[in-house]
Amino acid sequence: MTAMAAAFGTTRLTLRLHRFEAFAFVVLVVAGVGLAFLVGARLDAIRYDPRCYDTTGLVPVTTACQQAMNRFSAMVDGEANKVAIITTFVPFLAGLLLGTPIVGREVERGTTRLAWALSPSRQRWFLQRLIPVLVVVAGGSFLLGVAGDRLIGASQPQLDPANAFDQFGFRGVVIAARAVFVFGLAVLVGAVMGRALPAFIVAGLIAVIAIAGGSRVHHWILEREAVIMPEPGPGDLYMDQRFRLPNGTLIGWDQLEQYDPMPADPQFTGQWPTLPQIQFGIPGTRYRQVEAREVAALGGATVVSLGLAAFVVQRRRPG
């Protein structure tokens, strides 16, 4: 009971140190989740079925279909896209705002001199301040990720969010993993620099570069896992288009002119390219597998960042 009371007191003290940032994040999480489900319900109530609209233009659009499509599009543009700003950007901002002060602000204010002198273990001090805030960031970001799934499911009725790559990385559990990764980077940079505001700026730049670089590496991996798809459907991840030569060799657009030159006649109305086209992509049914791999990679990077932050805390001077 004593240990539990002590842990509760430490958690309460830690959250009080970050009460403004934590309170603002919780408010935005509640607002984002509430608005996402509200807008999602309003979109569902329109009962718009995209299949009523013939994209080929061969079948006239009914009045009912046109009206439903207009109301649906207006609500997506006017409401859903605005709520998506909260579900998309708040997790990353929270990771930075709540991560950099964990050590950086304490060192900047000089409070670590007394705290580290009295504490029997710097690592315990670090974990006591890290874990409660980490739980807040991870939990709130996950809820916003669920809200993002709800929004995309309502905004694109033809999609099953659990089997679709649309907006990959900015919804569901992946955005929560990215937010926690940004949080880990912010904690590390704050511990190294010992100043909250400069650490916030530097951590933000590093996070953008790291996430963009990681996404590019993951895309490179997916390119090598792509399979031939007769026609990419809703939710599938289109990767590339190739052309098949008579001998079976596949070529890209850069070699097309060599084997199938574009007709020079400006009056030409036939089909070009004439070579058979082959589509490559990742089926939407692999979404959960790809998602799990991304989360695992981000989780490993977060553990490394926090481990380095703990090492810095152990080694650096109090002031």
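Modeller: Cys52 and Cys65 are tied together by a disulfide, with 2.0 Å from S to S (the cut-off is a pair of cysteine sulfur atoms within 2.5 Å). This is a predicted model, where local features need pLDDT of at least 70 and side-chain atom pairs count only at pLDDT 80 or more, while totals for chains, interfaces and linings use all residues. Residues are numbered from 1 along each chain as its sequence is written, and side-chain values use heavy atoms, leaving out hydrogens and water.

The structure holds one disulfide, and its link is right-handed, with 70 degrees about the S-S bond. It joins distant parts of the chain: Cys52 sits in the loop between helix 2 (19-46) and helix 3 (63-99), while Cys65 is in helix 3, 13 residues apart. Helices here are DSSP runs of H or I with at least four residues, strands are E runs of at least two, and both are numbered from the N terminus. How accessible is Cys52? Cys52 comes out partly exposed, at 35% relative accessibility, and Cys65 is buried, at 3% (buried is under 20% relative accessible area, exposed over 50%, partly exposed in between, with a 1.4 Å probe and protein chains only).

On to the packing. The largest nonpolar core has 26 residues, and Phe25, Leu98, Ile102, Val103, Phe126, Phe183 and Val187 touch the most other members. By core I mean buried Ala, Val, Leu, Ile, Met, Phe, Trp, Tyr and Cys residues joined through side-chain atoms within 4.5 Å. Helix 2 and helix 3 each supply at least two of its residues, and so do helix 6 (122-155), helix 7 (172-193) and helix 10. Helix 6 gives the most, with six residues. Take Phe126: leaving aside neighbours within four places in sequence, Phe126 is in contact (heavy atoms within 4.5 Å) with Ile102, Val103, Val187, Leu306, Ala309, Ala310 and Val313. Apart from this core lies another, of 15 residues, including Ala36, Val39, Ala80 and Ala154.

Helix 10 turns up again beside helix 8: His218, Ile221, Leu222 and Glu225 in helix 8 meet Val290, Arg293 and Glu294 in helix 10.

One last stop is Pro232, in the loop between strand 1 (227-229) and strand 2 (237-244). Pro232 is partly exposed, at 24% relative accessibility. Beyond its neighbours within four places in sequence, Pro232 is in contact with Tyr238 and Gln279. From Leu143, Pro232 is 89 residues away in sequence and 30 Å away in space, C-alpha to C-alpha.
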